[in-house]
Amino acid sequence: MNENLFAPFMTPVMLGIPITTLIIILPSILFPTPNRLVNNRTISIQQWLTKLTSKQLMNVHNPKGQTWSLMLTSLFLFIASTNLLGMLPHSFTPTTQLSMNVGMAIPLWAGTVATGLRNKTKMSLAHLLPQGTPTFLIPMLVIIETISLFIQPMALAVRLTANITAGHLLMHLIGETTLVLTSISPFTALITFIILTLLTILEFAVALIQAYVFTLLVSLYLHDNT
Amino acid sequence: MVLVVPVEKKLMDVKIKDLPNWILTQDFTPKGTIRAFQRGYYQYDNKYVNTNKGSTLGVSMVLAADVLFNYCVSYKELKHEQLRKNH
């Protein structure tokens with residue numbers, strides 16, 4: 001039972017070769033590049049959605065921060081499409097692997113901190129201390145703020161991993177419960193099936209929301225530092 | 001005398017008994033392989049996605065193929081969960 005629970009999260013291996021790279025590349029073929037001024041329906045819808053999310057994400061930044069718009073928009077599209085593709089049956093979601101999320105979080109966070117330290121050293125160091133603290137609390141608060149700064153990338157990564165993994169695991173468990181209960185008591189099976197439907201709707205929302213939250217937080221760190 | 005120039009045949013036009021010969025005529029350099037994938041991608045794209053009244057069918061076929069592929073890859077682990085013994 002234990003092995004069956006976590007089997008969907010192991011790296012997929014086909015004939016002894018790990019095909020994780022292929023699965024990570026897969027979402028990119030679902031977004032064709034626009035070649036013309038007026039494109040087909042698929043590309044037009046994707047362009048409209050991309051423009052909507054980019055504007056929402058980037059209008060809080062000054063022009064210096066808006067140089068990051070390509071990075072943040074592609075990050076959002078990647079996480080959203082990978083999470084949504086993971087909702088298909090039997091598919092493997094790369095964002096459930098902590099290794100990948102830490103690999104995304106640490107460079108982005110480090111980039112924002114390095115930008116801040118390089119361009120506005122005094123301002124970014126001043127963020128370490130909230131305004132209006134009593135004098136005797138200052139040393140302790142600087143230590144606390146430094147720790148909270150260094151925890152930011154790990155929180156970003158672990159938040160995404162845990163949310164997606166927990167959602168998938170819940171769906172597996174409730175689905176198995178429903179299947180087992182159909183032979184014992186169909187009424188309870190119906191109730192669990194309704195729970196499963198609601199949970200699936202929630203998971204679709206979570207897939208998108210997590211992408212948004214990840215990108216939003218990176219942009220927040222950027223805003224502090226530009 | 002008529003000179004016969006062999007024309008490159010597409011995969012869907014090759015008959016099954018000619019398949020090994022067709023594979024040997026393909027270009028196996030990295031650039032040739034990439035071009036083959038690109039050709040396949042644009043053939044699919046122009047036929048199903050890049051049309052005037054395209055629907056969701058083009059992308060849905062890719063997703064269905066993805067589900068099938070992942071099922072095949074994880075068949076070995078799923079074999080333990082069969083409901084019936086010899087099915």
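Trainee: How many residue pairs are in polar contact between chain A and chain B, with both at pLDDT 80 or more?

Mentor: A polar contact is a pair of N or O atoms within 3.5 Å; within protein, one must be able to donate a hydrogen and the other to accept it, and residues adjacent in sequence count only if both atoms are side-chain atoms. Between chain A and chain B the count is 0 residue pairs, both at pLDDT 80 or more. Keep in mind that this is a predicted model, where local features need pLDDT of at least 70, side-chain atom pairs count only at pLDDT 80 or more, and totals for chains, interfaces and linings use all residues. Residues are numbered from 1 along each chain as its sequence is written, chains are lettered from A and ligands numbered from 1 in the order in which they are written, and side-chain values use heavy atoms, with hydrogens and water left out.

Trainee: And how many salt bridges are there between chain A and chain B?

Mentor: For a salt bridge you look for a side-chain nitrogen of Lys or Arg within 4 Å of a carboxyl oxygen of Asp or Glu. The count here is also 0 between chain A and chain B.

Trainee: Which elements of chain A supply the side that touches chain B, and what is its make-up by class?

Mentor: Helices (H or I, at least four residues) and strands (E, at least two) are DSSP runs, numbered from the N terminus. On chain A, β1 (13-14) and α3 (41-58) each supply at least two residues of the side that touches chain B. By class that side has 14 nonpolar, 5 polar and 1 charged residues; Ala, Val, Leu, Ile, Met, Phe, Trp, Tyr, Cys and Pro count as nonpolar, Asp, Glu, Lys and Arg as charged, and the others, Gly among them, as polar.

Trainee: What area is buried between chain A and chain B?

Mentor: Buried area is the accessible area (1.4 Å probe) that two parts lose on being put together, summed over both. Here that is about 1800 Å², with carbon and sulfur atoms giving 64%. In chain A, A:N40, A:R41 and A:H90 lose the most area to chain B, together 28% of what that side buries.

Trainee: Where does A:H90 lie, and what is its phi?

Mentor: Most residues other than glycine have a negative phi. A:H90 has a positive one, near 65 degrees, and lies in the loop between α4 (69-85) and α5 (98-119) of chain A.

Trainee: Is A:T178 buried or exposed?

Mentor: Buried means under 20% relative accessible area, exposed over 50%, partly exposed in between (1.4 Å probe, protein chains only). A:T178, in helix α7 of chain A, counts as buried because its relative accessibility is 9%. Contact means heavy atoms within 4.5 Å, and leaving aside neighbours within four places in sequence, A:T178 is in contact with A:A189, A:T192 and A:F193. A:E176 is in helix α7 (residues 138-184) too, but is partly exposed at 34%.

Trainee: What does the UniProt annotation "transmembrane region" cover in chain A?

Mentor: UniProt positions are given in the numbering used here, feature names are shortened, and annotations may be inferred rather than shown by experiment. The unreviewed entry's annotation covers residues 12-31, 67-86, 137-158, 179-198 and 204-222 of chain A. Residues 137-158 are 95% helix and 0% strand, with end C-alpha atoms 30 Å apart. Residues 12-31 are 30% helix and 20% strand, with end C-alpha atoms 24 Å apart.
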